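Dear colleague,

I am handing over the structure below, together with some notes on what turned up when I went through it. Please keep it open beside the notes as you read.

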Amino acid sequence: MNPYEQSGSKKEQVQRMFDGIAPRYDLLNRTLSFGIDRRWRKKLVGGLRTGAPTRILDIATGTGDVAFAAARACPGAKITGLDLSEGMLAVARRRATAAGVENRIEFLQGEAERLPFADGSFDAVTASFGVRNFHDIPAGLSEMARVLASGGGLYILEFSTPGNRLFGALYRWYFHRVLPVVGGLISKDTKAYGYLPSSVDEFPAPNEFCGMIAGAGFRRCRARRLTNGVAFLYTAFKE
């Protein structure tokens, strides 16, 4: 699905959407997730640290949350953050300068389906809540495999729908009724926060997504349930 009911590809609409909400994006993430998103990213980075990568690519980097966390967890690593939205990247670059890590973290504009890197350029690839925005998920996963060195790790955080009946009903009420209203009021873009729950509803189930990851050339795919299934952490390794 597309964020807006207007002409233009999904890629163009997603880019426009994130450019528009970039100034309030971090505030909205913390507010709407009650800060739980930080714990999820900490689990991703914990797995990343175990592999001790020295070259890390963070796709759909946004304002750089995972890139900065990876820099702290892997002090010897060079991190590249890539995103469609120049608005989000502008925030990330300001954060890097303020933190004094601009020599270790590079932020580039680009799309996941056509990564501007040579084969085997990275030891690890991460993506946090961005894969569902790809206009071609299998192509994006194949590109991730291409730029990974043999044995390199893939770490993906993505939303899901809880299976527990009671918790799932409460979550769906919040996700479909409360979140779009609050997000729209703060961001001034009601469509953007209406798109979020709809895009999660359309995202493949964990077992199906693991199948897509395997089909792209990865092995040992594991889907780890977080917060009763509100999100999943997917890990896999290039063959």
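Cys74 has a relative accessible area of 6%, and since buried means under 20%, this cysteine is buried. Please bear in mind throughout that this is a predicted model.

Two other cysteines are joined to each other: Cys210 and Cys221 form a disulfide, with their sulfur atoms 2.4 Å apart, and the structure holds one disulfide. The pair links distant parts of the chain, as Cys210 lies in helix H9 and Cys221 in strand S6, eleven residues apart. In case the term is new to you, a disulfide is a covalent bond between the sulfur atoms of two cysteines. The torsion about the S-S bond of Cys210 and Cys221 is about -70°, and therefore the disulfide is left-handed. Are its two partners buried or exposed? Cys210 is buried, with a relative accessible area of 14%, whereas Cys221, at 27% relative accessibility, counts as partly exposed.

The next topic is the interior. In soluble globular proteins, nonpolar side chains tend to be buried together. Here the largest nonpolar core has 46 residues, and those with the most contacts inside it are Trp40, Ile56, Ile79, Ile105, Phe107 and Phe159. Helix H4, which runs over residues 65-73, gives the most to this core, with seven residues. Apart from this core lies another, of 28 residues, among them Ala112, Ile156, Phe209 and Phe232.

Helix H5 (residues 86-99) has 14 residues, and at 1.5 Å a residue it should span 20 Å, which agrees with its end C-alpha atoms being 20 Å apart. Which residues of H5 are buried? They are Met88, Leu89, Val91, Ala92 and Ala96, and because they cover an arc of only 155° around the axis, they sit on the same side of H5. The face of H5 turned away from that buried side carries the exposed residues Arg94, Thr97 and Ala98. At the N-terminal end, Ser85 caps H5, with a side-chain oxygen 3.3 Å from the backbone nitrogen of Gly87, and just after the helix Gly100 takes a positive phi of about 70°.

Helix H6 (residues 137-147) has as its buried residues Ile137, Gly140, Leu141, Glu143, Met144, Ala145 and Val147. What covers them includes strands S1 (55-59), S4 (122-128), S5 (148-159), S6 (218-226) and S7 (231-238), as well as helix H9 (206-215). At the start of H6, a side-chain oxygen of Asp136 reaches to within 3.1 Å of the backbone nitrogen of Ala139.

With best wishes

Note on methods: Residues numbered from 1 in each chain as written. Predicted model: local features only at pLDDT ≥ 70, side-chain atom pairs only at ≥ 80, totals over all residues. Heavy atoms only, no water. Helix = DSSP H or I, 4+ residues; strand = E, 2+ residues; numbered from the N terminus. Expected span 1.5 Å × (residues − 1). Buried < 20%, exposed > 50% of the residue type's maximum accessible area, 1.4 Å probe, protein only. Arc of directions from axis to C-beta. Polar contact = N/O pair within 3.5 Å; in protein donor to acceptor, adjacent residues only side chain to side chain. Contact = heavy atoms within 4.5 Å. Disulfide = S-S within 2.5 Å. Core = buried A, V, L, I, M, F, W, Y, C linked by side-chain atoms within 4.5 Å.
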